[in-house]
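Please keep the sequence and the coordinates at hand while reading.

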Amino acid sequence: MHAFNATLRRRLAALAGSLALGLIALLSPLAASAAQVSPGASPATMDCKALEKLDLTALDGAPSVISLAEVVPASDKLPEYCKVVGYIQPQIQFEMRLPTASWNGRYLQAGCGGYCGLVNSEACNDGLGRDFMVSANNMGHVGTVAGTPLWATEPGLRVDYAYRSTHVMSVLAKALAERYYGKRPHHSYLRGCSTGGREAMSAAQRYPADFDGIIGGDAAFPVRQGAIANAWDMRQLLRDDGSAVFTPAKLKVLNDAVLARCDKLDGVVDGILMEPRDCDFDVRGVQCPKGKDGANCLTGEQVGVALKLYDGPRNAKGERLIPGHRAFGSELAWDDPGGLRLGFSKGYGYLGFPDDPASYDYRHFDYDKDMAKLEEMARFYDPVEPHHAPDLATFRARGGKLMLYHGWADPTVPPFGTLDYYAKLTSASGGLEKTKQWARVFMVPGMFHCRGGNAPNTFDMLDSIVDWVERGQAPERIVATQMAGDKVLRTRPLVAYPGVAHYTGKGDVNDAANWVAVQPKTLRDDNIDWVWGPKK
């Protein structure tokens, strides 16, 4: 038990730091210099401090209170702005930042991560630096991204975390803009990863009029992840005493073997799998002699666990329980606590199951008997209800644009789920070309969950979504960067799926300028058959 507790404390501390940094590092990837006030900028029409006296308690659907409004001076990266702090009934805490003199008429809302419970205002600073009005909220409860979800014993707080907080934040933001600037935003945007990616999908489906452009990454559906995938992964990766099956050194042995087999498939040996599904690696080829262990091979126990992770959760009938599994190339992140946290004992509280989550842990979950108990929560937590396909027809019809992305080496949320989701959109939209007119996916080779990985994993999609929504310029190519401190190690283009970046064979292989998009000769069928998939 001591080993288990030590493992838990270590993983929780690491996860909290990882998620907090990830929200800032990925969602605000490039420091933006404060723009000069343009001739078309909209200045405030009232004093910032006067916002504290506004009575918003009767705001339709989003009764609110402003507790603080103060001017923050301009810096070398941000314009002068009015900082507004308060809460939306019952306890959705928020912060908005409104440029006092340079507002460009746009609104950017930040998604959250993990269990949220905090207001990550810094996640939108790149938008503020471009003169957007911006906001972030705590999704309706006080806590930490990786802490025990005690708040979830209250049904209303579950609803706020599921979808309401994202919606009412946009309602308040637009109403406040109307009062502060004398007009509402001409365009509104939402951006998030992990839980924020799930917010993005949910907003497009549940509240299609809230945002004109939506960016969603590595979307983590709570029920699929917390109750199914994370519990499954922990059951494989941790022994009953809490000790890890794999050491970091053994994960490197596994990853090295995968790369030795498949890195060259894309024509460049660079430690990155551009398309992991092309890899035919067999982990049994690196197993140590029976009953033995060694520095350059895997034990029988480790091989067995790897096989289960590469295959994903299944029930006794062999049916898939989530749309996906861990991809080849993700091995170095298998000890990332972000992939494990939601499987710990009290993590089931936010699912409302079972009655006494304090006495329940991930090893009690029965993959044959307990799945049905999760469907009620999945119907309102997850953007797509069990046995249904995503339906974004209204969002599409009103001109909304959706940009999704996913790290190919994400061990926490298998990337195949995003491709399955996109395949369903494609079917409902009349084919790939019609779908690409309003929704596109960008796969990120080598990236872990929202960030990290030995690959270009930092990129900026904000300008691209604005150009698409407001100018009709669809994004074909996003440049991703890999940094080491202040040094750029390499850049690589992310191209609209199903395209794949291909090296031209000329020039610096680490320069995105020397890569082009190549379309596959044959399109894959990305639809996955799983227990909660759409009924046929």
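Where is Ser194 found?

## Two residues with positive phi

In this model, which is predicted, Ser194 is found in the loop that runs between strand β6 (187-193) and helix α4 (195-206). Its phi is positive, at about 65°, although the residue is not a glycine. The cut-off for a buried residue is a relative accessible area under 20%, and because Ser194 has a relative accessibility of 8%, it counts as buried.

Cys450 is likewise not a glycine and has a positive phi, in this case of about 70°. The residue is placed in the loop between β9 (439-444) and α12, and with a relative accessible area of 7% Cys450 is buried. As background to both entries, most residues other than glycine have a negative phi.

## Two cis peptide bonds

The bond between Gln89 and Pro90 is a cis peptide bond, for which omega is about 0°. Pro90 itself belongs to the loop between β2 (81-88) and β3 (92-99).

A cis peptide bond also leads from Tyr497 to Pro498, with omega near 15°. Pro498 sits in the loop that links β11 (487-495) to β12 (500-503). In general, most peptide bonds are trans.

Ser64 is part of strand β1, which covers residues 64-72. Is Ser64 buried or exposed? With a relative accessible area of 3%, Ser64 is buried.

A polar atom of the Ser64 side chain lies 2.6 Å from the backbone oxygen of Ala62. Once neighbours within four places in sequence are left aside, the contacts of Ser64 are with Leu56, Thr57, Leu59, Tyr87, Ile88 and Leu172. Of these partners, Tyr87 and Ile88 fall within the residue range of β2 (81-88), whereas Leu172 falls within that of helix α3 (155-181).

## Surroundings of Val466

Val466 lies in helix α12, which spans residues 462-471, and counts as buried because its relative accessibility is 7%. Which residues does Val466 contact when its neighbours within four places in sequence are left aside? They are Arg106, Phe132, Tyr189 and Arg471.

A separate entry concerns Val466 and Asp212, which are 254 residues apart in sequence, while their C-alpha atoms are 9.2 Å apart in space.

## Packing of α3 against α8

Helix α3 (residues 155-181) packs with helix α8 (residues 371-381) at an angle of about 50°, and the two axes are 8 Å apart.

## The protein as a whole

The secondary structure comes to 12 helices and 13 strands. Of the 536 residues in the protein, 59% are buried, and Ser64 and Val466 are included among the buried residues.

Among contacts between residues at least 6 apart in sequence, 69% join residues that are at least 24 apart. The accessible surface of the protein comes to about 21,300 Å², with 52% of that area belonging to carbon and sulfur atoms.

Terms used: Residues are numbered from 1 along each chain as its sequence is written. This is a predicted model: local features need pLDDT of at least 70, side-chain atom pairs count only at pLDDT 80 or more; totals for chains, interfaces and linings use all residues. Side-chain values use heavy atoms; hydrogens and water are left out. Helices (H or I, at least four residues) and strands (E, at least two) are DSSP runs, numbered from the N terminus. Buried means under 20% relative accessible area, exposed over 50%, partly exposed in between (1.4 Å probe, protein chains only). A polar contact is a pair of N or O atoms within 3.5 Å; within protein, one must be able to donate a hydrogen and the other to accept it, and residues adjacent in sequence count only if both atoms are side-chain atoms. Contact means heavy atoms within 4.5 Å. Axes are lines fitted to C-alpha atoms, for helices over the stretch in contact, and angles run from 0 to 180 degrees between N-to-C directions. Accessible areas come from the Shrake-Rupley method with a 1.4 Å probe; for residues, only the protein chains shown count as cover.
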